[in-house]
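Dear colleague,

I am handing over the structure below, and I would be grateful if you could read it alongside the notes that follow.

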Amino acid sequence: MLIQKPSEILSSAITPKEQYVNRRRFLRGAVGVGVAALGAERLARIVAPGREVFAGTKLQTVKSPLTTTDEDLTPYEYVTGYNNFYEFGVSKDDPARNAGALPTRPWTVRVEGLVKQPKTFDIDTLLKLRPLEDRVYRHRCVEAWSMVVPWVGYSLSEFIKQCEPLSTAKYVQFLSYYDPRIEHWGREETSIYWPYSEGLRMDEAMNPLTLLTFGLYGEVLPNQNGAPVRIVVPWKYGFKSAKSIVKIRFVKGEPHTTWNDENSTEYGFYSNVNPNVDHPRWSQKTERRIGLPFYAQRKTTLMFNGYGDQVAYLYNGMDLRKNF
Ligand code: MTE
C-alpha cells in the first residue's frame, strides 16, 4: 500500500518522506522498488511450489450471471505470484513463498455480534452452502495496478442470511486469521495492528456482487490469495477484500479497519474505486494491468471499477469528490 512505482508519481504529489513514513514503512517501500524489477520467469518459479500443493483440487462450479467482464484473464502465475498479504511479508512475491505455512484445515468462521445467536461454521459446511459460481471480476488495488480474476464463490448475502443478523446490525466486520508464530513477517516489517480487519456497510455486504470467495481459476484458493475463504468486493480498492477470514461480526457502528487505522487520510472506510479522487501520493486515473506486455498495460480506471450500474445507488447523496 505504501509501495509505489516511482515513475507513476508526480514529483508535486510526493509528500516529504518524514511526514508519512516511519523507518519500517520506508523499508517496505525500498523492498517494493525491488519487486517492480521482478520478471515473469522468476514469478513462475516462485509460484510453482504452491501450485503443486493445490494441483488437482478442482472445485465444482456453475456459470454465473454476475460474471461482469469478458476481458482477458490475468494469467494464473500473476494472480498467484503478485500478491498483497502482509501477514506473510511485504514484497509482492513473499505471500507465494511464505503462505504455505497457513493451516487451512481444520478451519472455522465464527459469527458474532448483533445476531440472533452466535454460530460457528466449518469451512466444509460453507463450501456446500450454495452452488459455487465462476465469477470473473476486475480487481483494482489502491496502488494503481489491476488484474482480471476468475474467482469462485457465492454471494456473501447468501451466507449473511444464515447468520440471522438483527435489524440493529448496520455494518459487518471481517477479521483475518492471525498467529504471530506463523505470520511473523508482517509483524516485523510493518506497524499494522493485527489481525487484519475490514468492514462494509450492511447494504454493501448484501449487494449480490460481494463475493464469499473459496477459489480462483476453478481451483481451491491458493494460500497466498487468502485460503480457505476471503471476501471480494470488486467495486472497491482491493484492501477492502479481507483474506483468510476467521471471524465475522455484525455491529452497529463503522468498525475499525486496518488501512484506515494506518492512515485515515489515505485509505477511507468506503474506498470505492474512483478515478476522480487521487490518492494523496499518486494518481488514480489509470492503472497498470498486471501480466500484459508493457505497451498494453496502461488502462483507464473506471468509476466503481466499472460496476456503477450495480452499486452506484448505494452512495446516493454522498459526495463522490471525496476519498471518504
Ligand atoms: N487481507 C489480509 N488479511 N492481509 C492483507 O495484507 N491485503 C489486501 C487484500 N486483503 C491483505 C488482505 C490488499 S491491499 C489487496 S490489493 C488484496 O488483498 C490483494 O489480493 P490478491 O493478493 O489476491 O490479489
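A nitrogen atom of the ligand lies 3.3 Å from a polar backbone atom of N84, a polar contact being a pair of N or O atoms within 3.5 Å, where within protein one atom must be able to donate a hydrogen and the other to accept it, and residues adjacent in sequence count only if both atoms are side-chain atoms. An oxygen atom of the ligand is 2.8 Å from a polar backbone atom of Y86, and a backbone N or O atom of S241 is 2.8 Å from a nitrogen atom of the ligand. Taken alone, the ligand exposes 530 Å², of which the protein buries 99% (accessible areas come from the Shrake-Rupley method with a 1.4 Å probe, and for residues only the protein chains shown count as cover).

Please keep in mind that this is a predicted model, in which local features need pLDDT of at least 70 and side-chain atom pairs count only at pLDDT 80 or more, while totals for chains, interfaces and linings use all residues. Residues are numbered from 1 along each chain as its sequence is written, and side-chain values use heavy atoms, with hydrogens and water left out.

Around the ligand there are 19 residues, of which Y86, E87, H139, R230 and K243 come nearest; a residue is near a molecule if one of its heavy atoms lies within 4 Å of it. This shell divides into nine nonpolar, seven polar and three charged residues, where Ala, Val, Leu, Ile, Met, Phe, Trp, Tyr, Cys and Pro count as nonpolar, Asp, Glu, Lys and Arg as charged, and the others, Gly among them, as polar.

Turning to the backbone, a cis peptide bond with omega of about -10° joins R105 and P106, and P106 belongs to the loop between helix 5 (94-98) and strand 2 (108-113). Helices (H or I, at least four residues) and strands (E, at least two) are DSSP runs, numbered from the N terminus. Another cis peptide bond, with omega of about 0°, joins W194 and P195, the latter being in the loop between helix 8 (184-189) and strand 7 (197-201). Most peptide bonds are trans, and most residues other than glycine have a negative phi.

Y217, in the loop between strand 8 (211-216) and strand 9 (219-220), has a positive phi near 50°, and Y217 is partly exposed, with a relative accessible area of 27%. F304 also has a phi near 50°, but F304 is buried at 3% relative accessible area, in the loop between strand 13 (298-300) and helix 11 (308-311). Here buried means under 20% relative accessible area, exposed over 50%, and partly exposed in between, with a 1.4 Å probe and protein chains only.

Some further residues deserve a note. N225, in the loop between strand 9 and strand 10 (230-232), is buried at 2% relative accessibility, and a polar atom of the N225 side chain lies 3.0 Å from the backbone oxygen of V79. Y171, in strand 6 (residues 171-176), is buried as well, with a relative accessible area of 14%; from C-alpha to C-alpha, Y171 and G199 are 7.0 Å apart, although 28 residues separate them in sequence. P118, in the loop between strand 2 and strand 3 (119-122), is partly exposed at 42%, and its C-alpha atom is 9.4 Å from that of R249, 131 residues away along the chain.

With kind regards
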